[in-house]
Each structure stands twice: as structure tokens, then as C-alpha cells.
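Subject: Structure handover and findings

Hello,

Here is the structure we discussed. My notes follow below it; please read them with the model open.

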Amino acid sequence: MSNLKIGLFGYGCVGQGLYEVLLKSKNIKAEISSICVKQKNKKRNIDTSIFSYNKWDILNNPDIDVVVELIDDAEEAFSIVSESLKRGKAVVTANKKMIAENFRALIQLQETYQTPVLYEAAVCGSIPIIRTLEEYYNTDYIQNISGIFNGTSNYILTQTQQQGKNYEEALHAAKIAGFAESNPTLDVEGFDSKFKLTILLNHTFGLSVLPKQVLNSGIQNLNKTDTLFATRFGYQIKLLAQAYKTDKGVAAFVLPHLLRNTHSFFHIYNEFNAVQVEGIFNNKQLLTGKGAGGFPTAAAVISDLSSLIKNYKYPYNKLKQNDLHLDNSETIAIYLRYNKKEIMNQLKFEKIYSQFEQENHTYCIGEISIKEIIKADINKNKEVFIASIELPLYQGSDLPVKTEQILSIH
Ligand code: HSE
């Protein structure tokens, strides 16, 4: 494929970034022929003759060989991608929800119509993780993959913990900067990270699951007491996605984490993302870069476009190698801050290390299985903040929890 003619869907932050970057890029033979958008009357920053308001104008245009899909609506995005592939038009997409929810169907469509879909921009913006997993880590030696997959949450956490901003102010700034989803609950409640993790499970372990099978909780209920607790004991709170091999399969979840300053992600700030891959032989490797924003995400789209020119498609190596299952029986250590004691009856802890009760801060540190947290439907409870915590607990300090007895309830 050469001299790509692009039909672009969506002209938001990333679409505009792509338009600008393509104008400036001398090394890629690609041009945008048409841009399909929803709103006819919206003010645009370029000549409006390039816009179309009917998706079939692009899909049925024989001169367009690649569709770049950058819209919000996952269902509509899947329809656009399917119709493009049926017409032999290769696709580049950044729509993590659409990919995560339709992963197997997308593979089937690619096989049936012998037309590729590339989506490096869907996971961690500018970080080249998908092709790295497919091409560099093309064996099944990976034990663990984890990361900061959501720029908006990381931006909010940095601004609240480092800059003393309040949550609302920080979220507003993330929206203005174009990091946040149009529905930012997807960012702050960990859904966006989970979609990305679900995609990576396929490329890391050959594990195909639906996002709804994977635990996620986010920073939406984080309050001052949690931040003070973290700061006082030398932790930083980061929203992490994690997946690792267990005896029974692969444990995978998205939760805020209380990290010590020795952790690889401790110093990843603002909209930066990071991915750490840990293998049997290579030990830990860290990739970091901007995970959100128009230009960084557009850079990943451009990289996919240049791969299409070289006829690249994902080999899906791990899907052919592995037969692993999701292991939600895995036990993890958590910090749980709550207001009402009933939550302790709902959540079946395997061990409780410490419980601390004060008028304005009641918390517990213990071990619990992933499936118990899923069962308690924790996201619905506005009075609870849950985070994975790095143990051992507070060694060598005089913290209140040290005076508590370690209780075991099983
Ligand atoms: N809303 C996403 C984020 C954009 O904040 O990371 C990039 O996927």
C-alpha cells in the first residue's frame, strides 16, 4: 500500500491533532480526503469543504483506502470498522472500548476480509506497547504486565497530591487539556484503564475476556483522609492496571495502588503513562510516555498508518500459543477506607492486618480475593475507597496501625 487516502471519522482533540501532524509530516505518504463528523453547525478551524455528515460518503468512496476511526461512541465505531473491513478498507482506530468489547469479532473480521485493523493509539497513547508485545515479546515468557494506563486519573492524582489542587479543579483542567473522555467517569472509575488492560491481555497472554469480567475501581471516592494517610506513610496513590500469571491462570484488575518510592511508577506524573513488562529472562522493563492528548495520540495513529504502508498486520502470536484463563480467586492486599461498618460484612477478607477507627477516618488493611471485591460491587458505594497496598506494613515506624493486633478471620 502506498499514498494512503484517509477517511477520518471524528474531529475532536485527536482528530485535529492528526490533521495537523499529517500536514507537518514529510515522511509519510498519506493525506486526509474526507472527515466525517456529526455536527453540521459546529465552528471548525479548517475549510469545511473537507467535512461530510454521512458515514456512507466515506465507506462507499472507492478512492479511500484507509479509515481512521476516532469517535467516542463504541457501538457506532464498531459498525464503521466492520463496514470498512467488509469493503477492504484497512482501519486505524483509537477506540479502546470498542476494541476491548469486540476483540474476537475484530479478529474474525480481519480474517474474513483479509484486511487489517491497527490500534496502537488505543492503549497508552504514544507508548508503542502493542507492537512491542507482538514483535519483541513474541514468546510466552511474560509473567507480569502493569501500568498507568489513564492520563486523566494520573493527572488528577498528581495535581491533588503534589500541587494541592482539589479534585474538581484537577478534573476540569484535564478536560480542558483534552485528556479526559467526554464521559470522564470512564477515566476516574478505572473503566478506561480496564478496556486497555483487556486489550493487552490478548497481546500479552493470549487471554481473551470481556471487560465486564475484570475488576475495576478508581479514584472517584478518594478523599483528603486517603491522601493524608498516603503522604504521611510515604506512599503515592496511582491508578494501576495489573495482570500477572498465577498457578491457576492470569489475575487481572484495575485499582488505585499505594506505592512506595522504590516503585517504578512512583515518579510517573500528570498525563504520562507507563507500562512495565516483566518476563522470566528479561526481568523488569519500563516504557513511559504521554498517554493522552491530541498530538501524542496522533503520533501513534501516524505510526500505524506507516505500518499499513508496509502491509503490517498484528500476528496475534500469543492467541495461537496459550490457553490461559482469568483467575479471580487471586488474593491481594488492600487498604479500605469506609464510613459504615456494614461494608466489612459484605467484603469477605481472608486476613485483616489492622483496623483503625477515628471519627473522620476509618480504615482496614487486609487480604481479600479479587472475586470478593467484584461481588461487593464496590463502585456503587460512594463511601468507600479501595486501593491495593504495597506490604509489608510500615516497617520501622511508629504508626497507629502498628499498635493494632493482627487479626485473622479465616
Ligand atoms: N481519557 C484517556 C486518558 C485518553 O485520560 O488516558 C487516552 O486514552
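In helix α11 (residues 224-232), the buried residues are T225, D226, T227, F229 and A230. Buried here means under 20% relative accessible area, exposed means over 50%, and partly exposed lies in between (1.4 Å probe, protein chains only). Helices (H or I, at least four residues) and strands (E, at least two) are DSSP runs, numbered from the N terminus. The cover over the buried residues of α11 includes α7, β9 (236-245), β10 (250-259), β13 (331-337), β15 (361-369) and β16 (385-389). Contact means heavy atoms within 4.5 Å.

Take T227, which lies in α11. T227 has a relative accessible area of 15%, so it is buried. Leaving out residues up to four places away in sequence, T227 touches Q161, L222 and I237. Just after α11, G234 has a positive phi of about 80°.

A word on provenance. This is a predicted model: local features need pLDDT of at least 70, side-chain atom pairs count only at pLDDT 80 or more, and totals for chains, interfaces and linings use all residues. Residues are numbered from 1 along each chain as its sequence is written, and side-chain values use heavy atoms, with hydrogens and water left out.

Helix packing

Two packed helices are described by the angle between their axes and the distance between the axes. Axes are lines fitted to C-alpha atoms, for helices over the stretch in contact, and angles run from 0 to 180 degrees between N-to-C directions.

Start with α3 (residues 74-86) and α5 (residues 103-113). Their axes come within 9 Å and cross at roughly 15°. That makes α3 roughly parallel to α5. The cut-offs: under 35 degrees is roughly parallel, over 145 roughly antiparallel, 65 to 115 roughly perpendicular, and the rest oblique. The α3 and α5 crossing is right-handed. A crossing is right-handed if the near helix is turned clockwise from the far one by less than a right angle, and left-handed if anticlockwise. On the α3 side, F78, V81, S82, L85 and K86 make the contact. By class, the contact of α3 with α5 has 7 nonpolar, 2 polar and 1 charged residues. Ala, Val, Leu, Ile, Met, Phe, Trp, Tyr, Cys and Pro count as nonpolar, Asp, Glu, Lys and Arg as charged, and the others, Gly among them, as polar.

Now α7 (residues 151-161) and α8. Their axes come within 9 Å and cross at roughly 140°. That makes α7 oblique to α8. The crossing of α7 and α8 is right-handed. T152, Y155, I156, Q159 and T160 of α7 meet Y167, A170, L171, A173 and A174 of α8. The contact of α7 with α8 divides into 7 nonpolar, 3 polar and no charged residues.

Salt bridges

A salt bridge is a side-chain nitrogen of Lys or Arg within 4 Å of a carboxyl oxygen of Asp or Glu. The count by this rule is 17 salt bridges.

- K96 and E181 form a salt bridge at 2.8 Å, N to O. K96 lies in helix α4 (residues 96-101) and E181 in the loop between α8 (167-176) and α9 (185-188), so the pair ties together parts 85 residues apart in sequence. K96 and E181 are both buried. A network of salt bridges links K96, E181, D192 and K196.
- R131 and E120 form a salt bridge at 3.7 Å, N to O. R131 is in helix α6 (residues 130-136) and E120 in the loop between β6 (117-118) and α6, 11 residues apart. R131 is buried at 18% relative accessible area, and E120 is buried at 2%.
- E83 and R87 form a salt bridge at 2.6 Å, N to O. E83 is buried at 19%, whereas R87 is partly exposed at 34%.

A lysine to look at

K89 sits in the loop between α3 and β5 (90-93). Is K89 buried or exposed? With 4% relative accessibility, K89 counts as buried. Not counting residues up to four places away in sequence, K89 touches I58, L59, N61, P62, I64, D65, V67, S84 and T115. K89 and V117 are 28 residues apart in sequence and 9.3 Å apart in space, C-alpha to C-alpha.

Best wishes
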